[in-house]
Structures are given as C-alpha cells and as structure tokens.
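Please look at the sequence and the model together before reading on.

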Amino acid sequence: MNAGFGRIGRGSFAGNGEDPPRRQPPTSVWLKRGLLWLLAMLVVGGAVWLLMPPSEGEPTKLALASIDPAPPTTASDTSTAEAAGLDRMTISSQTWRRGGLGSKALVTFTVRNDNEYAVRDVEIVCAFMRRDGSHLTDRSRVLADIVGMKSRKTFARVPVGFVNVNADQAKCSLVTARRA
C-alpha cells in the first residue's frame with residue numbers, strides 16, 4: 001500500500017523510477033538576463049536620445065524683417081506675385097498653448113491687413129522664452145491662406161513646431177507676405 005508519496009517534499013516524483021528534471025546551468029540564465037537588460041537599455045537610451053531637444057549654439061536675436069523694394073519690372077514679369085509691404089500688416093492678438101503631448105506649440109493669432117490688396121503666403125516667426133525672459137528657440141511657419149484687403153483673419157491653433165519644455169512665453173512677428 002505504499003504509493004510512493006513519501007518524497008513529495010522534494011517537489012518532484014523522482015522516487016517513482018523517473019529521472020529528475022534537468023536544470024540549466026546558471027551561466028546560461030545569467031547570459032540570457034544580461035542580454036535582456038542590454039536590449040532594454042538600448043531601447044530606453046534610444047527613446048531618451050530622440051526626445052532630447054536639439055543643441056543650439058549662439059542664441060539668435062529676433063528682428064522684424066524688412067522687404068527691399070523690387071527692381072523695375074517689365075510687362076511679362078507682372079504675372080508673378082509681388083512682395084507685400086509689412087508696414088500695414090500687424091498681428092492684433094496672439095495666444096499659444098502646448099499640444100502633441102506637450103512638445104509642440106499651437107499658436108492662435110489674428111493677422112490684420114490694412115493694405116489696398118489681399119495678401120497670401122504670410123510667414124511668421126515665433127520666439128519662445130523662459131519665464132525669466134531668456135531666449136530659448138525660434139520657430140517659423142508659412143501660412144498659405146489669403147488675408148483679404150482691409151480685413152483681418154484669425155488663424156486658430158497653428159502648429160509652429162517643437163518647443164523646449166522650459167518655454168513659458170511666446171512672441172510672434174510677421175516676416176514676409178506676398179500679394180494675392
């Protein structure tokens with residue numbers, strides 16, 4: 001009536017004439033764990049490298065660009081678009097917020113055109129600063145929409161690009177525009 005349960009405490013039924021289960025040598029276990037940790041560190045390191053902001057050299061000063069007067073044109077050149085004067089164009093209001101998990105800047109602003117002609121391809125440059133006012137980065141964007149003559153147009157949540165996580169303030173300026 002002996003069923004052979006006397007050796008249950010060892011964790012296997014080796015007393016029934018069976019061979020005990022084979023165990024892997026400890027070196028192969030450590031090798032597998034080491035390779036797994038190496039792979040994990042490579043993935044984490046690559047993700048951190050991709051999320052780091054690009055290194056910037058000298059901070060650039062943002063200035064309002066001016067447009068030089070165009071040379072005299074012939075009748076055949078009048079079909080091309082002409083540069084518009086920025087002296088009668090302004091940004092009347094602007095706000096910004098973060099989007100894209102906090103890494104992208106979404107700017108909302110209103111362009112006011114007091115010219116006697118419509119403009120298109122309006123280019124803006126936004127300067128981002130820290131809370132103390134020190135400069136971080138500049139981002140630019142060309143807007144392909146048309147702003148009619150003697151009118152204004154609001155551009156809502158325009159993505160201007162990636163910004164530094166320390167950016168707290170933004171100031172946008174008009175750079176160029178073309179006659180429509």
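**A loop contact, and the model as a whole**

The backbone nitrogen of Asn166 lies 2.9 Å from a polar atom of the side chain of Asn164, which makes a polar contact in the sense used here (a pair of N or O atoms within 3.5 Å, where, within protein, one must be able to donate a hydrogen and the other to accept it, and residues adjacent in sequence count only if both atoms are side-chain atoms). This is a predicted model, in which local features need pLDDT of at least 70 and side-chain atom pairs count only at pLDDT 80 or more, while totals for chains, interfaces and linings use all residues. Residues are numbered from 1 along each chain as its sequence is written, and side-chain values use heavy atoms, with hydrogens and water left out.

**Overall layout**

- The protein chain contains 1 helix and 6 strands, where helices (H or I, at least four residues) and strands (E, at least two) are DSSP runs numbered from the N terminus.
- Read from the N terminus on, the elements of the protein chain follow the order α-β-β-β-β-β-β.
- Of the 180 residues in the protein chain, 20% are buried, a word that stands for under 20% relative accessible area, with exposed meaning over 50% and partly exposed in between (1.4 Å probe, protein chains only).
- Among contacts (heavy atoms within 4.5 Å) in the protein chain between residues at least 6 apart in sequence, 69% join residues at least 24 apart.

- When its neighbours within four places in sequence are left aside, Asn164 is in contact with Arg98 and Leu136.

**The sheet of β1, β2 and β5**

- An open sheet of 3 strands has the order β1-β2-β5, and its pairing is antiparallel; two strands are said to pair if DSSP finds at least two bridges between them.
- Because β1 (89-99) and β5 (151-162) stand at the edges and each has a single partner strand, one side of each is left without a neighbour in the sheet.
- From one strand to the next, the twist averages 20 degrees, where axes are lines fitted to C-alpha atoms, for helices over the stretch in contact, and angles run from 0 to 180 degrees between N-to-C directions.
- β2 and β5 run antiparallel and are joined by 9 bridges.

**Asn113 in β2**

- Asn113 lies in strand β2, which covers residues 104-113, and its bridge partner in β5 is Ser151.
- Asn113 counts as buried because its relative accessibility is 0%.
- A polar atom of the side chain of Asn113 lies 3.2 Å from the backbone oxygen of Gly148.
- Leaving aside neighbours within four places in sequence, the contacts of Asn113 include Arg88, Met89, Ala118 and Val119.

**β3 and its partner strands**

- β3 and strand β4 (residues 135-143) pair in the antiparallel sense over 8 bridges, and the bridge partner of Phe128 in β4 is Thr137.
- β3 and β4 form a hairpin with 5 residues between them, and Gly133 in the turn has a positive phi of about 100 degrees.
- β3 is also joined to β6 by 9 bridges, the two running antiparallel, and the bridge partner of Met129 in β6 is Gln169.
- β3 is mostly covered, with 9 of its 11 residues buried.

**The disulfide**

- A disulfide is a covalent bond between the sulfur atoms of two cysteines.
- Cys126 and Cys172 form a disulfide with their sulfur atoms 2.1 Å apart, which meets the rule used here (a pair of cysteine sulfur atoms within 2.5 Å).
- Cys126 lies in strand β3 (residues 119-129) and Cys172 in strand β6 (residues 169-179), so the pair ties together parts that are 46 residues apart in sequence.
- The link of Cys126 and Cys172 is right-handed, with 100 degrees about the S-S bond.
- Cys126 is buried at a relative accessible area of 0%, and Cys172 counts as buried at 4%.

- Leaving aside neighbours within four places in sequence, Met89 is in contact with several residues, among them Val111, Asn113, Val122 and Leu174.
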